[in-house]
Amino acid sequence: LVLDATADVLDGCTRLPGAATVTYADGDEVRIPTGASSPRFVVVWVEKADAGSPREFKRAYLTRHTA
């Protein structure tokens with residue numbers, strides 16, 4: 001997910017290998033509206049790209065929560 005450099009998004013979600021549950025910790029949840037049911041994604045990592053330049057932005061890495 002590509003975001004504006006000023007977007008407030010927190011990472012920190014983890015999922016143990018082979019487990020269906022997600023530990024949210026301080027990470028945010030993202031929902032993409034698609035009708036009756038919206039898929040849930042959790043933010044596992046956020047990084048800044050092109051830091052210090054006029055093109056600076058954030059990239060959030062997501063994993064789908066299917067439990």
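## Close-up views of a predicted model

**View 1. Asp50 sits in the loop between S3 and S4.** Strands here are DSSP runs of E with at least two residues, numbered from the N terminus. This is a predicted model, where local features need pLDDT of at least 70, side-chain atom pairs count only at pLDDT 80 or more, and totals for chains, interfaces and linings use all residues. Residue numbers start from 1 along each chain as its sequence is written, and side-chain values use heavy atoms, with hydrogens and water left out. Asp50 isn't a glycine, yet its phi is positive, at about 55 degrees. Is Asp50 buried, partly exposed or exposed? Buried means under 20% relative accessible area, exposed means over 50%, and partly exposed is in between (1.4 Å probe, protein chains only). Asp50 comes out at 33% relative accessibility, so it counts as partly exposed.

**View 2. S3 and S4 run antiparallel, joined by nine bridges.** For two strands to pair, DSSP has to find at least two bridges between them. Look for Glu47, whose bridge partner in S4 is Arg59. S2 and S3 also run antiparallel, and three bridges join them. Here, Val30 has Phe41 of S3 as its bridge partner.

**View 3. Lys58 is a buried residue with no salt bridge.** A salt bridge would need a side-chain nitrogen of Lys or Arg within 4 Å of a carboxyl oxygen of Asp or Glu. Lys58 is part of strand S4 (residues 57-65). Its nearest side chain of opposite charge belongs to Asp8, 6.0 Å away (Lys and Arg count as positive, Asp and Glu as negative; His and the chain ends are not counted). What does the side chain of Lys58 reach at 2.6 Å? That would be the backbone oxygen of Ala7.

**View 4. Six residues make up the largest nonpolar core.** They are Val9, Val30, Phe41, Val43, Val46 and Ala60. Strand S3 (residues 40-49) gives the most to this core, with three residues. A nonpolar core is a set of buried Ala, Val, Leu, Ile, Met, Phe, Trp, Tyr and Cys residues joined through side-chain atoms within 4.5 Å.

**View 5. Pro39 lies in the loop between strand S2 (29-31) and S3.** With a relative accessible area of 17%, Pro39 is buried. Leaving out residues up to four places away in sequence, Pro39 touches Val30, Arg31, Ile32, Thr34 and Arg64 (contact means heavy atoms within 4.5 Å). Pro39 and His65 are 26 residues apart along the chain, with 7.6 Å between their C-alpha atoms.

Terms used: Helices (H or I, at least four residues) and strands (E, at least two) are DSSP runs, numbered from the N terminus. A polar contact is a pair of N or O atoms within 3.5 Å; within protein, one must be able to donate a hydrogen and the other to accept it, and residues adjacent in sequence count only if both atoms are side-chain atoms.
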